[in-house]
Amino acid sequence: MPDKRFFRKSGTYSIADLAARVGGELLHCRDPERIIEDIAAVEEATAGDICFVENRRYVGALASSAASVCILPRNIADRAPDSLALIVSDRPRRAFAKIANLFYPEERAPTGVAASAAVDAVAHLGEGVSIGPGAVISAGAKLGDGVTVGANSFVGENVEVGAGSVVGENASLSHCLIGERVVIYPGARIGTCGFGFEADEAGVIKMPQLGRAIIEDDVEIGANSCVDRGSGPDTVIGRGTMIDNLVQIGHNVQVGKGCIICGQAGIAGSAKIGNYVVIAGQVGVAGHIELGDGVQVAAQSGVTSTTAPGEKIGGAPAVPMRDFRRQVAAIKSLGRRNKDLEK
Amino acid sequence: MPDKRFFRKSGTYSIADLAARVGGELLHCRDPERIIEDIAAVEEATAGDICFVENRRYVGALASSAASVCILPRNIADRAPDSLALIVSDRPRRAFAKIANLFYPEERAPTGVAASAAVDAVAHLGEGVSIGPGAVISAGAKLGDGVTVGANSFVGENVEVGAGSVVGENASLSHCLIGERVVIYPGARIGTCGFGFEADEAGVIKMPQLGRAIIEDDVEIGANSCVDRGSGPDTVIGRGTMIDNLVQIGHNVQVGKGCIICGQAGIAGSAKIGNYVVIAGQVGVAGHIELGDGVQVAAQSGVTSTTAPGEKIGGAPAVPMRDFRRQVAAIKSLGRRNKDLEK
Amino acid sequence: MPDKRFFRKSGTYSIADLAARVGGELLHCRDPERIIEDIAAVEEATAGDICFVENRRYVGALASSAASVCILPRNIADRAPDSLALIVSDRPRRAFAKIANLFYPEERAPTGVAASAAVDAVAHLGEGVSIGPGAVISAGAKLGDGVTVGANSFVGENVEVGAGSVVGENASLSHCLIGERVVIYPGARIGTCGFGFEADEAGVIKMPQLGRAIIEDDVEIGANSCVDRGSGPDTVIGRGTMIDNLVQIGHNVQVGKGCIICGQAGIAGSAKIGNYVVIAGQVGVAGHIELGDGVQVAAQSGVTSTTAPGEKIGGAPAVPMRDFRRQVAAIKSLGRRNKDLEK
């Protein structure tokens, strides 16, 4: 059960209601009007809880679960005890996520402007915004309805933040346009100056970075991640893309819709990432290359060349996963062969 | 000599006192009551200073040192000049660290609440806390005795920080319980929302992240590092673990006691790290795997499978160090062989 | 054309004036006094704009450009349309950068101290400083003339920041001396405690970190990057060095002049980096080694040994680039050979 100090539960729901909300078929359910009180992991659930299992691996836990309802795929429904009501779903985890959001909706900070916030006289605040203590909203900035800006964050001049977006604590936004329902986690830096200059013996001349960072609707950008603004073109993060913590996005990068970019990955300047691309943790993507729609990149890979849509790649330099697995096998066997020679 | 603008020296100590405090035997010491004024590196020490040498490599520096006392292992004591008083120790560096802490104890910020701090009326502050300018202490937060919260940091609702802990500047804490004598460095993010969601063509559904981040006593978490809270279970950092800068700890990760996690390492969700594990810089640890007690991981490795206690591993994917070294040798010789073919 | 909400243009310039400022020869120019209004990319330029092309690859774009002036190397001057005035330059990109800075000079925040800034009574502020809302300037800190400190940043006790330097938002400085015209981007941490301690079963003893971070003139340090102070010696970043985002610089590291250190690179404690060294993204440099002047390190490399001046290296462990390329080729062919065996 989530710690009540940190998470507030919202309501209870009948089994029938929950099944309907996820479009799942009810099985073994003697009392569809029974009230469900909370969500829980299958092993920890008690009476009144709803849980889920995804596949056969959890059949043991399922058999001994004390939950009142379980969401599961049809092919293991017969492994559940008779006492357990079932909601059948092709995608139990996704269904559970929906129900978890019912019980624990995203909490919003209280509406209003904290006394210690510094809101410029010519900033525009929408209805129902929440501005935390010490937050700074600069001249010309526009915050849409219901926007939250966390404590001690900075919203620069003329920056726009769309309705329903949340900016976490200690974050900084400048030279950027943020869509609706975007979440910027604490410490993220959006729209900072890109790494562009001309260097030689005579010294460094910075190239003015005159583009913007465009963050489309429903994007999330993780804690302490950085999205530089463009150098002339814009840097763009496409709708619904999820970016984890400590990720670096260089200037002019274009990321498509619905991408997933995991922790500590880095995308160098002017790279173009398609839609629904998955980039695992600590990956590096070289500048000026293109990753097609649906490309998947294994963790720690170094992607150095343009990659066709749908490819799954790994290694440094990255190659198709099948080749990468062969390379790994070959290196392992080389290691063993050298061992034989040592004998 | 440390720059007096930044470091305040505390007291002087007699040679006898210093030897006693580190449990070291005094040798060649004509005047145990002689007062020592400061610490110094062996090459830079002058009269009145105490220094240390760890091994034979420093015998030359030892011979010409102007220090008044030197901490060293017994096996090089006869290489020291007669004029130098000696404190014999099995672990000279550790002994020197103790003495350095005597001369330069951790400085605490002045007690009190800065005028510009925003402390909620229902926060609980222990005795002798120090709250810097612009710091935000939210409703229900509990700070133990002697806690320091640096300028412009954020302590979220109901967060607890144990006695004697220090939160650096511009850090953010939410959904977490922090033990005693913990140090959170500037810009660290603790308890942020984990990277959990269900994604498909229909869009992303976030899985509410309903666990906490538990930081046990005596832990240190480096600048701009991130520790996500759990998704349901907690994320736990065990007692005395030291985490360097820019490290990413995913949701549900459990780190044991006394671990060392170096800069820019990343540990993916639900990994379990034993006690006294050492993870070098830029390492990635995959999700859901387990590293046994005392495992050591070489820099930049990618750990993809569960590893038995005491193993030393390296490479990506990581293998036992002996095998990794063979792999490296084999690859090097392959590179050379290809060179021959080019001729 | 840059978004006027974020970028303010400064003046117009005659073609003759622009050519003189970059020391370029005018060709095909019927009216040297013609006024140029703005900069633009070659493909997007319209009448009144100045653009540049670097080499033959852009000859097509050049031929159809609507710009009024183009900076280009002499060897493609004959490929430009007659209607286009030309400024001939050996280094068109560098020349363009100079001109871009004329049109879009670095903007400075308005002079003055924000009402919500916390400036200690014994801090010293130079002429024309700009202190943002919520910024904290501690006792004894010295800010030179024209220094900007962004919103909610922290400048610790006795820290010095030289004339004309800019500290971005939410950054933290302690135990450091910052030169002139330095730029510290948002969220950077300078002078934090290094990762130094003695650990064993009995627990951890921290080694007091008694050195400073010295940031020389004209250095830039990227968003959310960390530069630890020295442990006794100083950490030094040499004049004109450019550091990108999310970079980690360990204690006692010495970086020379004019280096370029790209995003997410990490340099471990006590490493010594020469002048004009280029370190690409996600590189790791081991502690206590030395990189000679002009060394270039490929992305994601792991540098584990001292490297002679001028070497170009890659791989992990890093080897000369020629060898690294051979290794990569050999591994690729191994992968293919294993594929044959599978048939």
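Me: Which strands of chain A does helix H3 (residues 92-103) of chain A lie across, and at about what angle does H3 run to E5(A)?
Reply: H3(A) lies across E4, E5 and strand E6 (69-72) of chain A, and runs at about 150° to E5(A). That angle is taken between N-to-C directions on a scale from 0 to 180 degrees, with axes fitted to C-alpha atoms, for helices over the stretch in contact. The model is predicted: local features need pLDDT of at least 70, side-chain atom pairs count only at pLDDT 80 or more, and totals for chains, interfaces and linings use all residues. Residues are numbered from 1 along each chain as its sequence is written, while chains are lettered from A and ligands numbered from 1 in the order in which they are written.

Me: Why are E2 and E4 of chain A called edge strands?
Reply: The open sheet has the order E2-E7-E6-E5-E4 (chain A), with mixed pairing. Strand E2 (25-27) and strand E4 (38-39) each have a single partner strand, so one side of each has no neighbour in the sheet.

Me: How many residues of chain C are in contact with chain B?
Reply: 47 residues of chain C are in contact with 47 residues of chain B, where contact requires C-beta atoms, placed from the backbone, within 7 Å. H4(C) gives the largest share of chain C's side, 6 residues. A helix here is a DSSP run (H or I) of at least four residues, a strand (E) one of at least two, both numbered from the N terminus.

How values were computed
Two residues are in contact if their C-beta atoms, placed from the backbone, lie within 7 Å. Two strands pair if DSSP finds at least two bridges between them.
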